[in-house]
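Work through the following exercises with the sequence and the model open side by side.

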Amino acid sequence: MTMPHSLNFEQLRVLYFMLFAHITDVHLPTTPVKPHELFSKRVLSYLSWHLKRKKHHLKPVSDALVEDMQSFKPEHICVTGDVTNLGLKGELEQARDWLQALAPANKVSFVPGNHDTLTPWSVRQRDKYFSPWMQSDDGKAEMPYVQVRGNVAFIGVDTGVATLPFMATGTVGAKQMARLEQVLNETKEQGLYRVVLIHHPPLPNINKARKALTDAEVLARVIDRTQPELILHGHNHVPMEYGRGETQIFGTGSASVDFGDGIAVAHYSLFEVKPSGELKVTHRYYNPETRKFATR
């Protein structure tokens with residue numbers, strides 16, 4: 001293949017391989033709460049945060065992660081939700097500012113998690129706070145969105161729905177599911193490497209019912225028919241690696257856990273897609289002693 005002489009190295013790098021990062025479940029510290037904001041299932045999440053989660057989800061850890069990740073100069077950053085804890089107005093504003101500081105909007109893809117859509121009010125605010133990172137290249141905000149960078153299509157799926165107390169389920173929904181199958185087929189025809197971003201694990205029997213994707217059986221059939229190259233998710237706070245047919249699936253750990261919430265320390269992943277479609281994965285883990293990230 002003759003390389004175009006007008007392109008510089010960075011442009012050639014994007015054409016011939018793509019390096020992107022995946023981070024998830026940042027759980028930025030909660031912001032001040034007004035009493036009326038707790039008249040919902042938020043009160044349970046508020047108690048959970050103050051009794052346990054705030055001891056483990058630490059901003060200095062997620063700050064160290066961002067610094068480490070940016071040292072690799074990824075072309076793109078994927079964030080698969082739970083940047084908040086209660087979906088409060090102050091938390092949503094804080095999450096918006098955090099995403100803005102992460103990288104230019106065209107270099108970040110975001111999908112919300114169950115904490116970001118904890119109540120019906122939070123669900124309604126999704127576009128107000130997160131639309132710059134949740135729209136297709138043509139500017140449409142319809143889900144799933146499609147963002148093409150180099151030879152990679154980042155396809156964002158929204159599973160964030162308000163649920164009953166003690167539930168942390170997600171749902172794709174029939175309309176979004178049909179569009180997902182359509183865009184997966186279209187991007188396959190275009191010869192793109194398809195990366196699906198979703199908060200909840202996409203297959204059945206991964207989580208208990210109260211934390212699972214309610215229509216995972218349907219999504220599994222869509223995956224079987226379309227076979228996207230890669231699916232990235234969060235939600236479980238632990239590194240996971242599995243697959244479905246030719247589809248590789250990675251769950252990434254929480255971005256902010258210090259000594260582990262009884263499960264795992266903070267973690268993120270780097271993915272390099274080569275022109276052949278070969279995928280190289282690098283896992284970076286937080287070391288509480290050095291307060292830095294390293295490859296294991």
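**Exercise 1.** Locate H76 in the secondary structure, then describe its burial and its surroundings.

Solution. H76 belongs to strand β2, residues 76-79, where strands (E, at least two residues) and helices (H or I, at least four) are DSSP runs numbered from the N terminus. The model is a predicted one, in which local features need pLDDT of at least 70 and side-chain atom pairs count only at pLDDT 80 or more, while totals for chains, interfaces and linings use all residues. Residues are numbered from 1 along each chain as its sequence is written, and side-chain values use heavy atoms, with hydrogens and water left out.

Next, consider accessibility: H76 has a relative accessible area of 0% and is therefore buried (under 20%, with exposed meaning over 50% and partly exposed in between, for a 1.4 Å probe and protein chains only).

Then turn to its polar contacts (pairs of N or O atoms within 3.5 Å, one able to donate a hydrogen and the other to accept it, residues adjacent in sequence counting only if both atoms are side-chain atoms). The side chain of H76 meets that of S109 at 2.7 Å, and it also reaches the backbone oxygen of K107 at 3.3 Å.

Finally, leaving aside residues up to four places away in sequence, the residues that H76 touches include L19, F20, A21, Q147, R149 and F154, contact meaning heavy atoms within 4.5 Å.

**Exercise 2.** Examine the backbone at P144, D25 and H235, and place each residue in its loop.

Solution. Begin with P144, which is joined to M143 by a cis peptide bond with omega of about 0°; P144 sits in the loop between α6 (126-130) and β4 (145-149).

D25, in the loop between β1 (18-23) and α2 (42-51), has a positive phi near 50° although it is not a glycine. Its relative accessible area is 0%, so D25 is buried.

H235 likewise is a residue other than glycine with a positive phi, near 80°, and its loop runs between β7 (230-233) and β8 (240-244). With a relative accessible area of 5%, H235 is buried.

**Exercise 3.** Which residue classes make up the lining of the largest cavity, and which helix gives the most to it?

Solution. By class, the lining has eleven nonpolar, no polar and no charged residues (Ala, Val, Leu, Ile, Met, Phe, Trp, Tyr, Cys and Pro count as nonpolar, Asp, Glu, Lys and Arg as charged, and the others, Gly among them, as polar). Among the helices, α7 (174-189) and α8 (216-226) each supply at least two lining residues, and α8 gives the most, with three.
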